[in-house]
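Please look through the sequence and the structure below before reading on.

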Amino acid sequence: QVQLVESGGGLVQAGGSLRLSCAASDGGRTFSSYAMGWFRQAPGKEREFVAAIIWSGIYADSVKGRFTISRDNAKNTVYLQMNNLKPGDTDVYYCAAGGLASRIATGYNYWGLGTQVTVSS
C-alpha cells in the first residue's frame with residue numbers, strides 16, 4: 001500500500017507560481033516504477049487530468065506550457081511546478097500513483113488526500 005501526501009498548495013494571485021510536492025511512502029515497490037499523476041477537482045465536478053510522468057511528462061492542453069511535472073526518485077517525490085496561474089486553476093489538486101501514465105483517473109491505484117490551490121484575480 002503506497003501512501004501519498006501532497007503539500008505546497010495555497011493562495012496566490014493570478015500570474016503567480018506555486019510548486020506542489022507529493023511524497024510517497026515505501027509501498028514495497030520501487031518508486032521509480034510507478035507512474036505518477038496530478039489531477040484536480042472542483043466541488044461537484046469530475047476529477048480532471050493535469051499531468052503525469054514515468055520518465056517524461058504528459059500534460060492536459062489547459063496547462064501545457066505553464067505547468068511542469070518532475071520527479072526525484074531518490075526522494076520518492078513528484079512535483080508539479082505551476083507558473084502563470086489563472087483563476088481557472090483553482091481546485092483541489094490530487095497526486096496519484098499507478099502502473100501507467102494515464103490521463104484517466106481510474107488508471108491509478110493510489111491517491112493522496114489533496115491540497116487546495118486558490119488563484120485570485
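Strand β5 and strand β6 (residues 57-59) run antiparallel and are joined by three bridges, where strands are DSSP runs (E) of at least two residues, numbered from the N terminus, and two strands count as paired if DSSP finds at least two bridges between them. A hairpin of three residues leads from β5 to β6, and within this pairing A52 stands opposite I58 in β6. This is a predicted model, in which local features need pLDDT of at least 70 and side-chain atom pairs count only at pLDDT 80 or more, while totals for chains, interfaces and linings use all residues. Residues are numbered from 1 along each chain as its sequence is written, and side-chain values use heavy atoms, with hydrogens and water left out.

Strand β5 (residues 48-53) also pairs with strand β4 (residues 35-41), in the antiparallel sense and over five bridges. Here A52 of β5 has G37 opposite, and the hairpin of β4 and β5 has six residues between the strands, with G44 taking a positive phi near 80°. Strand β5 is mostly covered, since five of its six residues are buried, a term that stands for under 20% relative accessible area, with exposed meaning over 50% and partly exposed the range in between (1.4 Å probe, protein chains only).

| Pair | Bridges | Opposite residues |
|---|---|---|
| β4 and β5 | five bridges | G37 and A52 |
| β5 and β6 | three bridges | A52 and I58 |
| β3 and β8 | six bridges | L18 and M82 |

The pair of β3 (residues 18-24) and β8 (residues 77-82) belongs to an open sheet of four strands, which has the order β1-β3-β8-β7 and antiparallel pairing. Strands β1 (4-7) and β7 (67-72) each have a single partner strand and stand at the edges, so one side of each is left without a neighbour in the sheet. Neighbouring strands of this sheet are turned by 15° against each other on average, direction ignored, with axes taken as lines fitted to C-alpha atoms and angles running from 0 to 180 degrees between N-to-C directions.

Why does T115 count as buried? T115, which lies in strand β11 (residues 115-120), counts as buried because its relative accessibility is 11%. Leaving aside neighbours within four places in sequence, T115 is in contact (heavy atoms within 4.5 Å) with E6, S7, G8, G9, L20, D91, V92 and Y93. A polar atom of the T115 side chain lies 3.2 Å from the backbone nitrogen of G9.

Note on methods. Polar contact = N/O pair within 3.5 Å; in protein donor to acceptor, adjacent residues only side chain to side chain.
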